[in-house]
Amino acid sequence: MNSKKLWIGFILVMVISFGILGYYGREIYREAPPIPEKVVTEDGTVVFTAADIKDGQNVWQSMGGQEVGTVWGHGAYKAPDWTADWLHREAVFILNKWSLDDFSKRYDDLPDENQAQLQKRLQNELRKNTYDTQSKNTIISEVRAEAIQSNSAHYGGLFMNDPELAHLREAYSIPANTIKDPERMRKMNAFFFWASWATVTERPGMEITFTNNWPPEKLVGNEPTGALLLWTGFSVIILLFGIGLLGWYYATNREEEEDHVVPKVNPLSGTQLTPSMKATLKYFWVVTALILVQILMGVITAHYGVEGLGFYGLPLADVLPYSISRTWHIQLAIFWIATSWLATGLFIAPAISGKEPKFQRFGVNFLFIALLIIVVGSLAGQWMGVMQKLGLIENFWFGHQGYEYVDLGRFWQIFLFIGLVLWLLLMGRAIWPAIKAKNENRHLLTMFLIASVAIAAFYAAGLMWGRQTHLAIAEYWRWWVVHLWVEGFFEVFATVAIAFLFVRMQLIQAKIATSSVLFSTIIFLSGGILGTFHHLYFTGTPTAVLALGATFSALEVVPLVLMGFEAYHNIRMSRAKEWVSAYKWPIYFFVSVAFWNFLGAGIFGFLINPPIALYYMQGLNTTPVHGHTALFGVYGMLGIGLMLFVLRDMDLNVTWKEKNIRLSFWMLNVGLLLMVVLSVLPVGLAQTVASVKHGLWYARSAEFLETPTLETVRWLRVIGDTIFAVGALYLGWFVFGLKTGWSVKRK
């Protein structure tokens, strides 16, 4: 494969894809559901103001936001989707009100023809767009105002301390007095109303709602649109076409390495570690510690799914509510995976040029301290925010922003961004001499530097929203961080890092590694950049976003069908020479990455990505099936593999005792698979059936999820979770044992 053509292809993919992403980002700004200056009744009574709605969004964020239920389908899978729940309660209230007034019976007791009559009347009532572009007010009927009052009383009792709703609080893992101030509660109700209003109100001049008729709710006429079905079919066609094209190209152009001679001895033996390379060891100790704490938070979070507010009888939710345990579980995953990859880069950089820049060790140590402060400070701030100990402004800066994966306060976000820029400087100054040398590694090193720049730069997308930025716009930028930063350029960086590790070991040629990395990156980013839109189908975005998301998210799956080739290639390399067997377990973790890329990112990802599938599945347990198997299965296993590679290179004069790391490898992978197959996936599929038949509100309801069968299925998760947790303990024992000596035997 010609490097020049590949570079041209890479540049074209980046320019065109980000051009389209930016253009439709502007459309999202322009067509987002309006926030009215006032919500008023027909007689002029003010129900809510714009300030109430915006402050209410901040109150929702402060109590955990997307870590307690979901809004527009994004967030936690415990508790309802508040928009779907509000909408259903509002619809039922109005139907019962009209039914009692007109027929002196409750709606459920009416004959079918009378129910159909009232349903049509309800749809005319709720779907009509009464936002006035002149006054910027939304006008509602008296009966809708009464429904708002009824819903507000329900949510006030739920989030505060109504004894009659204690059973729901336990089912939703929401401690009493989660919201302590009635005025805060009133404002959060204003936000819930507006967010649900967007799901049922039709766009001007169109017959679809601002959220493309999501959530499914037959009472109000929210059913799949024609565009949803059209682009689902098109995405399947694109997937099949892409697989066929890539398979043909791979078969006819892949450069074989059969003639490459693997050295008889490890070419890295005798390599002198620089002071900064040695200084990265403590990063991996912290990575290991964070893995253990993160899994502990996951165990607690999963247990709340069956016990509600307790942990085997202990009232743990009083001091560690579900919203915090889940926040920390996700946040720590991001922290330890990122730290592992960043530390790998810091270790590799001086080895690339063979030179130690001045003050490099100081920079590595300084960055380490900064990262520790960010981790501890942000987690503490999140706890303070959820426990309602901060004002709304202070919470935005130092507490809990309420957006999944980017929950940390703005101060900590800025601090982390500065840390990433410092990391980039440390990386750049170490590898720049090697790039200037213009040897055969130059193209690979250039790609390595580009990936490093992207890691630092793309996190800045998390700074693009403010305290009261419109939810649709905040979601657009949030997915830049989650999809493009976490899922996108970190994967590019890891691909380059692994390739360079194998080049250093002379297991593959630099030319072939460069071509493979560039080709893989082009294929991955061709679908990956615009595939960001598949997260935004129902977040107040125009239909074009749905079309692009469906098409390009299908292309994201295409390169994953060849993961078997990658796994086979890695296994073959691990057996190339006797000395390579020392790297067996780092390479095996890379093999597991290929497996989870195919199953977790590929199959489980495509399970939910087509528009018609996500229409019914968004916000159900089918999403954490993909989330767990992709985040830990792909990025987590990759982080562990990179860590083990570096730890192996730090001391080549010892032989590893393999028992613990072998047990860890198999228990982590088997435990993750059992966790999903025995529990999370069956619950998600059962919810999907309920969502299709009755609507999302029912699939997320305590009434459905607390049936004996689903309770049993949720308890089955203990099997996989336990095996997985023990595997993590074996990993920790092995890593710390490399320093203490119990994991090695001296040559």
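**Exercise 1. Work out how Arg89 is placed and what its side chain pairs with.**

Step 1. Start with cover: Arg89 counts as partly exposed because its relative accessibility is 28%. Here buried means under 20% relative accessible area, exposed means over 50%, and partly exposed is in between (1.4 Å probe, protein chains only). Keep in mind that this is a predicted model, where local features need pLDDT of at least 70, side-chain atom pairs count only at pLDDT 80 or more, and totals for chains, interfaces and linings use all residues. Residues are numbered from 1 along each chain as its sequence is written, and side-chain values use heavy atoms, with hydrogens and water left out.

Step 2. Look for the partner: Asp85 makes a salt bridge with Arg89, with 2.9 Å between the closest N and O atoms. (A salt bridge is a side-chain nitrogen of Lys or Arg within 4 Å of a carboxyl oxygen of Asp or Glu.)

Step 3. Check the spacing: Asp85 and Arg89 sit 4 residues apart in helix α3 (residues 82-103), so about one helical turn separates them. Helices are DSSP runs (H or I, at least four residues), numbered from the N terminus.

**Exercise 2. Find which helices the Lys97 and Glu146 pair links.**

Step 1. The side chains of Lys97 and Glu146 form a salt bridge at 3.7 Å, N to O.

Step 2. This pair links distant parts of the chain, 49 residues apart: Lys97 is in helix α3, and Glu146 is in helix α5 (residues 142-159).

Step 3. Now the cover: Lys97 is partly exposed at 28%, and Glu146 is partly exposed at 32%.

**Exercise 3. Trace the salt-bridge network that holds Arg30 and Glu31.**

Step 1. Begin with the pair itself: the closest N and O atoms of Glu31 and Arg30 are 3.2 Å apart in their salt bridge.

Step 2. Widen the view: Arg26, Glu27, Arg30, Glu31 and Arg203 are linked in a network of salt bridges.

Step 3. For the overall tally, the whole structure has 18 salt bridges.

Definitions and conventions: Helices (H or I, at least four residues) and strands (E, at least two) are DSSP runs, numbered from the N terminus.
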